[in-house]
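Thanks for making time this morning. Let me put the model up on the screen, and then I will walk through a few of its local features.

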Amino acid sequence: ENESLHGTQLFVQGGELAISLPVDLLFPPGKARVSEEGAQALYVLGGALGRIKNRIEVAGHAEPGLAEKATVWEMSLARAVNVAAILENVG
């Protein structure tokens, strides 16, 4: 219902709940740093997840050819680390 999470999808994957946020919400093309709009969405999501005591895993993705001076794997990892840091900061 929160507009800042527009386009977010929830689905069950391997018996676990997966939350997928649109890449264009979180990152400018070819960048690993979370956009301000993406950070707002993560703060909203983090607030809800902070009340759940389950373990949370973060996976990042990058499109081939858009990664700036980095391999797709490096960009994916950097994105995941940046998202995880924001969620950890929220609690």
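I call a residue buried under 20% relative accessible area, exposed over 50%, and partly exposed in between, with a 1.4 Å probe and protein chains only. By that cut-off W73 is exposed, because its relative accessible area is 63%.

Please keep in mind that this is a predicted model, in which local features need pLDDT of at least 70 and side-chain atom pairs count only at pLDDT 80 or more, while totals for chains, interfaces and linings use all residues. Residues are numbered from 1 along each chain as its sequence is written, and side-chain values use heavy atoms, with hydrogens and water left out.

W73 lies in helix α3, residues 72-90, where helices (H or I, at least four residues) and strands (E, at least two) are DSSP runs numbered from the N terminus.

Turning to the strands, β1, residues 9-13, is hardly covered, with 0 buried residues among its 5. Q13 stands opposite E16 in β2, and the hairpin formed by β1 and β2 has 2 residues between the strands, with G14 in the turn showing a positive phi of about 60°.

How many salt bridges does the structure hold? There is 1, counting a side-chain nitrogen of Lys or Arg within 4 Å of a carboxyl oxygen of Asp or Glu. E57 forms a salt bridge with R55, their closest N and O atoms being 2.2 Å apart, and both E57 and R55 are exposed.

Conventions: Pairing = 2+ DSSP bridges.
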